[in-house]
Amino acid sequence: MAQPLIKKDDDRDDEAEYSPFLGIEKGAVLQEARVFHDPQLDPRRCSQVITKLLYLLNQGESFTKVEATEVFFAVTKLFQSKDIGLRRMVYLIIKELSPSSDEVIIVTSSLMKDMNSKSDMYRANAIRVLCRIIDGTLLTQIERYLKQAIVDKNPVVASAALVSGIHLLQTNPEIVKRWGNEVQEAVQSRAALVQFHALALLHQIRQNDRLAVSKLVTSLTKGTVRSPLAQCLLIRYTCQVIRETGVNTPTGDRPFYDYLEGCLRHKAEMVIFEAARAITELSGVTNRELTPAITVLQLFLSSSKPVLRFAAVRTLNKVAMTHPLAVTNCNIDMESLISDQNRSIATLAITTLLKTGNESSVDRLMKQITNFMSDIADEFKIVVVDAIRSLCLKFPLKYRSLMNFLSNILREEGGFEYKKAIVDSIVILIRDIPDAKESGLFHLCEFIEDCEFTYLSTQILHFLGDEGPKTSDPSKYIRYIYNRVILENATVRSSAVSTLAKYGALVESLKPRVFILLNRCLFDSDDEVRDRATLYLNTLRGDGSEAETNSEAKEFLFGSLDVPLVNLEKSLKNYEPSEEAFDIDSVPKEVKSQPLAEKKATGKKQTGLGAPPAGPKPVVDAYEKTLSSIPEFSSFGKLFKSSAPFELTEAETEYAVNVVKHIFDDHVVFQYNCTNTIPEQQLENVTVIVDASEAEGFAKLAVKPLTALPYDSPGQTYVAFEKPEGLAFGKFSNTLRFIVKEVDTSTGDVEDDGVEDEYQLEDVEIVAADYMLKIGVSNFRNAWEGMGPECEKVDEYGLGVRESLAEAVSAVISILGMQPCEGTEVVPSNSRSHTCLLSGVFVGNVKVLVRLSFGIDGPKQVAMKLAVRSEDEAVSDAIHDIVASG
């Protein structure tokens, strides 16, 4: 019996909640399930027991094979009851128990009888259960009944059959695809749900046929869809067709746009919103196309329904990232939403206003935000902080009020992610707005005085070490830094010691004071702090006598690490202590996620390099060892780079072939990894005939054939070319040539006679990225300044029409094949300009640094400024040539 409701006292925060399933156990429920065997069934009690079993199953309780079988057979006896409520519970428990194929037969006849029953409720549920538990062989027996159910006059039965078809399409697609005519007829149904489910199933049946989907959309957009749910689906399918075609009509109009615009006048709100959202998400949408959608969304902003207000403001928030001017007409309506009772709506409204507002409205918005920040959760606060950062970068002259706002909320209560978002925003503003540096650093210093997060304290200390010495009065930050040595944990104390050392290295007047503070750190209780203090004192020559900081000390403290940390860690783990010291130059510089990135085809063995042993040894060393052991290639010198394998055949063909490009200073070697997938054949004298007619200047030097290629045993054949001086690109056509010999699969004997045959492969290209190693630098600014301007080359380029700034950045990075630094490959979604930093090593071991500055010039026209610094002027020119020709 349920407990009475407990009255909530004023002093209590939580009300005691009662659950009808409180304390139930699997063993007790299984005992109760014996009521299913009673001669006189009690439908009410049986339904209660099934409810408990369903609860246990949905809570993750596992039933043994024996327990599940016993429950299943007991449940089948309940088919003799005529109680409608109990029959529905029986359907549910059978679906959840998922009986095995030999058990399904027990209930198949009962379910098929129900499927042909005069009761529509029995028919619909029996169809759902049958389609859930039977396999393909039994499905063919009931296929005729399912087809009839799809066009049944009762919408409940038709929907059940259609939804079952959607599920069956994942396991038995060939059977379901035969129902096309019936599903097409169901699409014309007057029942809303039937039309919705029929359209969903028909689209899934045709989804791999682009032309069929286009015809479906074309026919249905002429007004035969009445169901609002189906209309929403059709709008989504229409957008898919628009994306895939991407071609405008000769008159310049977008195909199907008139249909989307017409849906904005539909009587159902869900259809209106779906159409408006679809228009705003069209690729390359113009302001003229946006206007009707924005007008509809503006009306929704004043709706009495919270869900409509939320949907409208969220959509407008996304539009504001790319078309802020189109949303400005809605600003007055959105300002009224700042005080909305739903905090999600208020947050989206304020962030949208921050993106679309002008400089004069900033102060007013700041006052409104301050009043409601304390009422929202951290996740919404982070959204607001990101919007304020974007606004500050948009209006740099307003940095004072925005920086003060960020510093005020930084001192309030909040979780780690929220505080980190604020600190990251302040750091970005300091870097991008020079006038904000002094006040921003001061706010960060105040924050670490009472910061509870070790990660943020160390991040801020590192930033103070980079930026503080460059300010007009670096000495004022020393107190805040040394306070961390006295008051914080060992991790923060270590960071503070490193920061102090940077001030001693860069600010001559502060060196004596820094030496005194570092000497005090020698008595710290933590060995890491003591070790750092000793190291920095010796590096700065601060053993009691004032000495001038030399360039070696600065390089040690601020110099970039030229090797990836992952590779350094791996090399240190493999280093065995000996008389020979660890050499950092032996650490591989190329970033590799795994030793051999060879691709495996489904059901086939690896077709990659077989010679090098598996393990932590770098992939370039493994390839180099193999190539140097081949006499034809031993004189080529040190291997510069090996590419990832590139597939030259489809996944399920007779022969699987991929190629790895090995780049030397003056040569290129193509390694073809081959696998024979036909058991009845053995290939012999396997070579690849390479046509270099489209690769000007490349001269073939050597070919190393593969003697024999048995079934499913990978092998390699090589072709070497001498490349011309300078940058050389080209396309190489490939044909696999071999002798086929029949194999007796029972004995393994190979026939003596064979037939010569050929197999056409995909082309291989040598591109600019093949001559570049992806090698990052830990501090790009210091590496850039250390490289010097002697070999710097700067020029500007027009990149033409691009879908977005992010696409332009990604395209240039792909062409150059360099490593993005400091996360600059990520472009903020609302940015109209962006700077990307790249580093790498060009063939010949020449270090290269690139600074790319992108900007949107006109409608979708992207302009780029390219600055290159390297150790060789010819390489800097080569990078510009690559971009100019790309």
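The charged end of Arg144 is placed over the ring of Tyr145, 4.6 Å from its centre; a charge counts as sitting over a ring if NZ of Lys or CZ of Arg is within 6 Å of the ring centre and within 35 degrees of the ring normal. Likewise, Arg479 lies over the face of Tyr480, at 4.3 Å from the ring centre. The model is a predicted one, in which local features need pLDDT of at least 70 and side-chain atom pairs count only at pLDDT 80 or more, while totals for chains, interfaces and linings use all residues. Residues are numbered from 1 along each chain as its sequence is written, and side-chain values use heavy atoms, with hydrogens and water left out.

Turning to ring pairs, rings of Phe, Tyr and Trp (its six-membered ring) pair if their centres lie within 6.5 Å, with planes under 30 degrees apart taken as stacked, over 60 as edge-to-face and the rest as tilted. This rule gives 17 aromatic pairs. Among them, Tyr575 and Phe582 pair edge-to-face, 5.5 Å centre to centre with 80° between the planes. Phe670 and Tyr672 form a tilted pair, at 6.3 Å and 45°, and together with Phe698, Phe721 and Phe732 they make up one aromatic cluster.

Val688 belongs to strand 5 (residues 681-694), strands being DSSP runs of E, at least two residues, numbered from the N terminus. Leaving aside neighbours within four places in sequence, Val688 is in contact (heavy atoms within 4.5 Å) with Tyr672, Thr717, Val719, Asn734, Thr735, Leu736 and Leu761.

Technical notes:
Helix = DSSP H or I, 4+ residues; strand = E, 2+ residues; numbered from the N terminus.
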